[in-house]
Amino acid sequence: MANQVTTTTQKPIQALKGMLEAPSVKAQFESVLKDNAPMFIASLIDMFSTDSKLQECEPKALINEALKAAILKLPLNKSLGFSFIVPFNNSVKVGDSWTKKMTPNFQIGYKGYIQLAIRTGQYKYINTDSVLEGEYKGKDKLTGEIDLKGEAVSDKVVGYFAYLELHNGFRKTLYSTVKQIEDHAKKHSKTYASKDSSWQTNFDAMAMKTQIRALLSHYGLLSTELINAMNSDADFESTEQKVESEIKGNANSKNVDAFQDAEVVSSTISTNNPFNDEQ
């Protein structure tokens, strides 16, 4: 019986390894990763072998999602937090009926978005973090800047901020309460309701990702790489597909549609960074 179980668990791993050995597949990874391709493929196999639900996904679909990370040169490693492949049990049509099928979905962590922004060479500072009870002291009605210099009175998280400052002095901060983040996720994230979603297992990381994405997509200087990342990220696929057309249509000047209830602050020109202790 023990041997039978081992054989069963090895089948999907061997199927993936076999597909990754195909010359056409190896060539795709090597074309974007060069000498780093073997290391990336090894990390993909390691991730796959330790996730039983991911093993229920078709190897071809998994490789297609992994290629999205490879093109962006973001490591697939949960401990690093740059990018992931998350399996979801989706409804798919087979013939005339619908059935449940595990499908892989490429997602980017907030660290991945920060990494892609840094690569542009345009950002002097870029940061996102949670705000504890007592740290938020209010905002200046004239400038709109928020004051986060208060002392935390507990470990309770009351909100999240994202901040960017360009080398030319332009800066912008986005702040949202926990409830605003939750409302946004319920409305726009296709994975929020899933019990296996990162929203349920690591809300802080997803909230910071949401903040940094919203800030970058509407107020940052976006490279083609960043635009592709936003369009490839499965979690907010329904909203981020609009990013590129919005940028082309109005020079990235619209308000954040998905965050109408968030406070947009600190749009002044300055070389001072209010979050020096966060860098």
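**Stop 1: a helix with a buried side**

Select helix α9, residues 224-232. Its buried residues are Leu226, Ile227, Ala229 and Met230. They span an arc of only 160° around the axis, so they sit on the same side of α9. That arc is taken from the directions between the helix axis and the C-beta atoms. Buried stands for under 20% relative accessible area, exposed for over 50%, and partly exposed for anything in between (1.4 Å probe, protein chains only). Helices (H or I, at least four residues) and strands (E, at least two) are DSSP runs, numbered from the N terminus.

A word on the model before moving on. It is predicted: local features need pLDDT of at least 70, side-chain atom pairs count only at pLDDT 80 or more, and totals for chains, interfaces and linings use all residues. Residues are numbered from 1 along each chain as its sequence is written, and side-chain values use heavy atoms, with hydrogens and water left out.

**Stop 2**

Now select Asp233 and Lys209. Their side chains form a salt bridge, 2.9 Å from N to O. Asp233 is in the loop between α9 and α10 (237-240), and Lys209 is in helix α8 (residues 203-219), so the pair ties together parts 24 residues apart in sequence. Both Asp233 and Lys209 are buried. The criterion is a side-chain nitrogen of Lys or Arg within 4 Å of a carboxyl oxygen of Asp or Glu.

**Stop 3**

How many salt bridges does the structure hold? There are 8.

Pick Glu58 and Lys101, whose side chains meet at 2.6 Å, N to O. This pair links distant parts of the chain, 43 residues apart: Glu58 is in the loop between α3 (37-49) and α4 (59-72), Lys101 in strand β2 (residues 97-108). Glu58 is partly exposed at 42% relative accessible area. Lys101 is also partly exposed, at 31%.

Next, go to α4 and pick Glu65 and Lys68. Their closest N and O atoms are 3.0 Å apart, in another salt bridge. The two residues are 3 apart in helix α4, so about one helical turn separates them. Buried or partly exposed? Glu65 counts as buried at 11% relative accessibility, whereas Lys68 is partly exposed at 28%.

**Stop 3: β3, β6 and β7**

Select β3 (residues 123-132), β6 (residues 157-166) and β7 (residues 171-177). Two strands count as paired if DSSP finds at least two bridges between them.

Start with β3 and β6. They run antiparallel and are joined by 9 bridges. Tyr123 stands opposite Leu166 in β6. In β3, 7 of the 10 residues are buried, so the strand is largely enclosed by the rest of the structure.

Move on to β7. Strands β6 and β7 pair in the antiparallel sense over 7 bridges. Leu164 is placed opposite Lys172 in β7. The two strands form a hairpin with 4 residues between them, and Gly169 in the turn has a positive phi of about 100°. Strand β7 has 6 of its 7 residues buried, so it too is largely enclosed by the rest of the structure.

**Stop 4: Ser130**

Go back to β3 and select Ser130. Is it buried or exposed? Ser130 is buried, with a relative accessible area of 19%. Which residues does Ser130 touch, leaving aside neighbours within four places in sequence? They are Glu135, Val157, Gly159, Tyr160 and Met208. Contact here means heavy atoms within 4.5 Å.

**Stop 5: Leu80**

Leu80 is in the loop between α4 and β1 (83-94). Leu80 is partly exposed, at 38% relative accessible area. Beyond its neighbours within four places in sequence, Leu80 contacts Pro75 and Lys111. Draw a C-alpha to C-alpha distance from Leu80 to Gly109: 9.3 Å, for 29 residues of sequence separation.

**Stop 6: the cores**

Finish with Leu20, Phe29 and Leu216. These have the most contacts inside the largest nonpolar core, which has 58 residues. Its largest share, 10 residues, comes from α8. A second, separate core of 7 residues includes Tyr125, Ile146, Leu148 and Tyr163. A nonpolar core is a set of buried Ala, Val, Leu, Ile, Met, Phe, Trp, Tyr and Cys residues joined through side-chain atoms within 4.5 Å.
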